[in-house]
Amino acid sequence: MHFRRLKLSGFKSFVEPAELRIEPGLTGVVGPNGCGKSNLLEAIRWVMGESSAKSLRGGGMEDVIFAGTASRPPRAFAEVVLSAGTAAGEDLEVVRRIERGAGSAYRVNGRDVRAKDVALIFADAATGAHSPALVSQGRIAAVINAKPTERRAMLEEAAGIAGLHVRRKDAETR
Ligand code: ATP
Ligand code: MG
(Lines give C-alpha, C1' and ligand atoms only; values in the text may rest on other atoms or scores of the structure.)
(Ligands and ions follow the chains in the order given, each with its own letter.)
Protein backbone atom coordinates (compact mmCIF):
# COMPACT_ATOMS: atom_id res chain seq x y z
CA MET A 1 0.00 0.00 0.00
CA HIS A 2 1.24 3.47 -0.87
CA PHE A 3 -0.01 6.63 0.84
CA ARG A 4 -0.57 9.41 -1.67
CA ARG A 5 -2.34 12.24 0.07
CA LEU A 6 -3.29 13.41 3.53
CA LYS A 7 -5.96 16.05 4.20
CA LEU A 8 -6.52 17.48 7.65
CA SER A 9 -9.12 19.86 9.03
CA GLY A 10 -9.45 20.83 12.67
CA PHE A 11 -7.04 18.05 13.68
CA LYS A 12 -4.86 19.21 16.61
CA SER A 13 -2.82 22.23 15.47
CA PHE A 14 -4.03 21.87 11.83
CA VAL A 15 -6.99 24.17 12.34
CA GLU A 16 -7.33 25.33 8.71
CA PRO A 17 -7.81 22.65 6.03
CA ALA A 18 -4.38 21.45 4.89
CA GLU A 19 -3.42 19.01 2.16
CA LEU A 20 -0.14 17.15 1.76
CA ARG A 21 0.95 15.09 -1.20
CA ILE A 22 3.09 12.12 -0.29
CA GLU A 23 5.41 11.29 -3.18
CA PRO A 24 6.92 7.81 -3.63
CA GLY A 25 10.19 7.30 -1.77
CA LEU A 26 11.44 8.87 1.40
CA THR A 27 9.56 11.83 2.88
CA GLY A 28 11.05 14.08 5.53
CA VAL A 29 9.09 16.51 7.70
CA VAL A 30 11.17 19.33 9.10
CA GLY A 31 10.30 22.34 11.20
CA PRO A 32 10.86 24.01 14.56
CA ASN A 33 9.79 22.43 17.84
CA GLY A 34 6.03 22.43 18.29
CA CYS A 35 5.19 23.18 14.64
CA GLY A 36 3.12 19.99 14.27
CA LYS A 37 5.44 17.29 12.88
CA SER A 38 4.31 14.65 15.36
CA ASN A 39 0.68 15.78 14.92
CA LEU A 40 0.97 14.85 11.23
CA LEU A 41 2.11 11.33 12.04
CA GLU A 42 -0.66 11.09 14.64
CA ALA A 43 -3.20 12.13 12.00
CA ILE A 44 -2.09 9.17 9.87
CA ARG A 45 -2.39 6.79 12.81
CA TRP A 46 -5.75 8.27 13.77
CA VAL A 47 -7.35 7.87 10.33
CA MET A 48 -5.99 4.30 10.26
CA GLY A 49 -8.13 3.55 13.32
CA GLU A 50 -6.05 4.35 16.38
CA SER A 51 -8.35 3.82 19.36
CA SER A 52 -6.06 4.90 22.17
CA ALA A 53 -6.26 8.63 22.95
CA LYS A 54 -3.28 8.24 25.25
CA SER A 55 -1.04 7.07 22.41
CA LEU A 56 -2.04 10.29 20.60
CA ARG A 57 -0.92 12.27 23.66
CA GLY A 58 -4.50 13.09 24.68
CA GLY A 59 -6.71 12.35 27.69
CA GLY A 60 -9.80 11.60 25.59
CA MET A 61 -10.32 11.13 21.86
CA GLU A 62 -11.95 14.58 21.49
CA ASP A 63 -8.57 16.07 22.39
CA VAL A 64 -7.58 15.60 18.74
CA ILE A 65 -10.04 18.41 17.84
CA PHE A 66 -8.45 21.87 17.59
CA ALA A 67 -8.86 23.24 21.12
CA GLY A 68 -8.64 26.95 20.26
CA THR A 69 -6.11 29.63 21.13
CA ALA A 70 -6.32 33.14 22.55
CA SER A 71 -7.19 34.43 19.07
CA ARG A 72 -9.08 31.47 17.51
CA PRO A 73 -12.19 29.68 18.75
CA PRO A 74 -12.11 25.89 19.16
CA ARG A 75 -13.41 23.69 16.34
CA ALA A 76 -16.49 21.49 16.60
CA PHE A 77 -14.98 18.62 14.62
CA ALA A 78 -11.77 17.14 13.24
CA GLU A 79 -11.49 15.30 9.95
CA VAL A 80 -8.60 13.46 8.30
CA VAL A 81 -8.67 11.96 4.80
CA LEU A 82 -6.01 9.47 3.73
CA SER A 83 -5.75 8.58 0.04
CA ALA A 84 -3.73 5.52 -0.84
CA GLY A 85 -3.11 3.03 -3.60
CA THR A 86 -3.51 -0.60 -2.59
CA ALA A 87 -1.10 -3.40 -3.47
CA ALA A 88 -3.80 -4.59 -5.92
CA GLY A 89 -3.64 -1.20 -7.67
CA GLU A 90 -6.98 0.10 -6.37
CA ASP A 91 -7.65 3.60 -5.06
CA LEU A 92 -8.48 3.79 -1.38
CA GLU A 93 -9.86 6.83 0.40
CA VAL A 94 -10.38 6.57 4.15
CA VAL A 95 -12.10 9.38 6.07
CA ARG A 96 -12.35 9.64 9.84
CA ARG A 97 -14.32 12.42 11.46
CA ILE A 98 -14.97 13.18 15.10
CA GLU A 99 -17.50 15.65 16.43
CA ARG A 100 -17.70 16.86 19.99
CA GLY A 101 -20.16 14.64 21.85
CA ALA A 102 -20.77 12.42 18.80
CA GLY A 103 -17.69 10.17 18.60
CA SER A 104 -15.89 9.00 15.45
CA ALA A 105 -17.36 8.03 12.08
CA TYR A 106 -15.49 6.37 9.20
CA ARG A 107 -15.98 6.27 5.46
CA VAL A 108 -14.11 4.13 2.94
CA ASN A 109 -14.46 5.13 -0.72
CA GLY A 110 -17.62 7.08 0.16
CA ARG A 111 -19.34 4.32 2.15
CA ASP A 112 -20.01 4.44 5.90
CA VAL A 113 -18.06 1.67 7.61
CA ARG A 114 -17.23 0.51 11.13
CA ALA A 115 -13.92 1.18 12.90
CA LYS A 116 -13.38 -2.58 12.68
CA ASP A 117 -13.52 -2.51 8.88
CA VAL A 118 -10.85 0.18 8.73
CA ALA A 119 -8.69 -1.75 11.21
CA LEU A 120 -8.96 -4.83 8.97
CA ILE A 121 -7.95 -2.97 5.82
CA PHE A 122 -4.74 -1.79 7.43
CA ALA A 123 -4.07 -4.96 9.42
CA ASP A 124 -4.23 -6.89 6.15
CA ALA A 125 -1.86 -4.37 4.56
CA ALA A 126 0.42 -5.01 7.57
CA THR A 127 0.57 -1.32 8.40
CA GLY A 128 -1.85 -1.12 11.34
CA ALA A 129 -2.22 1.73 13.82
CA HIS A 130 0.42 0.13 16.02
CA SER A 131 2.54 -1.23 13.22
CA PRO A 132 6.26 -1.04 13.78
CA ALA A 133 6.34 0.69 10.40
CA LEU A 134 5.08 3.79 12.24
CA VAL A 135 7.64 4.58 14.89
CA SER A 136 6.70 7.59 16.98
CA GLN A 137 8.86 9.55 19.40
CA GLY A 138 9.75 7.44 22.46
CA ARG A 139 8.55 4.22 20.82
CA ILE A 140 12.02 2.64 20.58
CA ALA A 141 12.41 2.95 24.35
CA ALA A 142 8.89 1.52 24.77
CA VAL A 143 9.83 -1.59 22.73
CA ILE A 144 12.96 -2.14 24.81
CA ASN A 145 11.09 -1.71 28.10
CA ALA A 146 7.96 -3.66 27.06
CA LYS A 147 6.69 -6.63 29.05
CA PRO A 148 7.00 -9.94 27.13
CA THR A 149 3.23 -10.03 26.41
CA GLU A 150 3.33 -6.51 24.98
CA ARG A 151 6.37 -7.33 22.90
CA ARG A 152 4.59 -10.42 21.57
CA ALA A 153 1.75 -8.23 20.26
CA MET A 154 4.29 -6.04 18.46
CA LEU A 155 5.96 -9.09 16.91
CA GLU A 156 2.59 -10.50 15.83
CA GLU A 157 1.81 -7.27 14.06
CA ALA A 158 5.24 -7.30 12.41
CA ALA A 159 4.64 -10.92 11.34
CA GLY A 160 1.38 -9.87 9.65
CA ILE A 161 -0.96 -12.02 11.75
CA ALA A 162 -2.62 -9.18 13.68
CA GLY A 163 -5.57 -9.24 11.25
CA LEU A 164 -6.32 -12.81 12.26
CA HIS A 165 -6.82 -11.75 15.89
CA VAL A 166 -9.33 -9.07 14.88
CA ARG A 167 -11.26 -11.70 12.87
CA ARG A 168 -11.13 -14.25 15.72
CA LYS A 169 -12.48 -11.72 18.24
CA ASP A 170 -15.24 -10.83 15.78
CA ALA A 171 -16.15 -14.51 15.29
CA GLU A 172 -16.18 -15.15 19.06
CA THR A 173 -18.68 -12.36 19.73
CA ARG A 174 -21.17 -13.57 17.13
P1 ATP B 1 8.95 18.55 18.36
O2 ATP B 1 9.98 19.01 17.37
O3 ATP B 1 9.14 19.19 19.70
O4 ATP B 1 8.77 17.07 18.40
P5 ATP B 1 6.53 18.75 16.75
O6 ATP B 1 6.78 19.48 15.47
O7 ATP B 1 6.46 17.27 16.70
O8 ATP B 1 7.55 19.24 17.87
P9 ATP B 1 3.83 18.57 17.70
O10 ATP B 1 4.03 17.82 18.96
O11 ATP B 1 3.31 17.84 16.51
O12 ATP B 1 5.17 19.34 17.33
O13 ATP B 1 2.85 19.82 17.92
C14 ATP B 1 2.65 20.32 19.17
C15 ATP B 1 1.69 21.52 19.05
O16 ATP B 1 0.38 21.08 18.71
C17 ATP B 1 1.62 22.26 20.35
O18 ATP B 1 1.78 23.65 20.09
C19 ATP B 1 0.22 21.98 20.83
O20 ATP B 1 -0.34 23.04 21.53
C21 ATP B 1 -0.52 21.76 19.53
N22 ATP B 1 -1.73 20.98 19.75
C23 ATP B 1 -1.85 19.67 20.08
N24 ATP B 1 -3.13 19.30 20.22
C25 ATP B 1 -3.86 20.42 19.94
C26 ATP B 1 -5.26 20.71 19.93
N27 ATP B 1 -6.19 19.77 20.20
N28 ATP B 1 -5.64 21.97 19.62
C29 ATP B 1 -4.73 22.92 19.33
N30 ATP B 1 -3.41 22.71 19.33
C31 ATP B 1 -2.97 21.49 19.64
MG1 MG C 1 7.51 15.72 17.68
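**Ligand site and a helix**

Q: Where is Pro32 found?
A: Pro32 is in the loop between β2 (18–21) and α1 (37–47). Helices (H or I, at least four residues) and strands (E, at least two) are DSSP runs, numbered from the N terminus. This is a predicted model, where local features need pLDDT of at least 70, side-chain atom pairs count only at pLDDT 80 or more, and totals for chains, interfaces and linings use all residues. Residues are numbered from 1 along each chain as its sequence is written, while chains are lettered from A and ligands numbered from 1 in the order in which they are written.

Q: Is Pro32 buried or exposed?
A: Pro32 is exposed, because 7 other C-beta atoms lie within 10 Å. The cut-offs: buried is 20 or more other C-beta atoms within 10 Å of a residue's own, exposed is 12 or fewer, partly exposed is in between, with C-beta atoms placed from the backbone.

Q: And Ser38?
A: Ser38 sits in helix α1. Ser38 has 16 other C-beta atoms within 10 Å, so Ser38 is partly exposed.

Q: What does Ser38 touch?
A: Ser136 and Gln137, leaving out residues up to four places away in sequence. Contact means C-beta atoms, placed from the backbone, within 7 Å.

Q: Which residues come nearest to ligand 1?
A: Asn33, Lys37, Ser38, Asn39 and Ala67, out of 14 around ligand 1. Being near means a C-beta atom, placed from the backbone, within 6 Å.

Q: New topic. Which residues of α2 are buried?
A: In α2 (residues 115–124), Val118, Ala119, Ile121, Phe122 and Ala123 are buried. Their cover includes β4 (91–99), β5 (103–108), β6 (111–113) and α5 (162–172).

Terms used
Contact = placed C-beta atoms within 7 Å.
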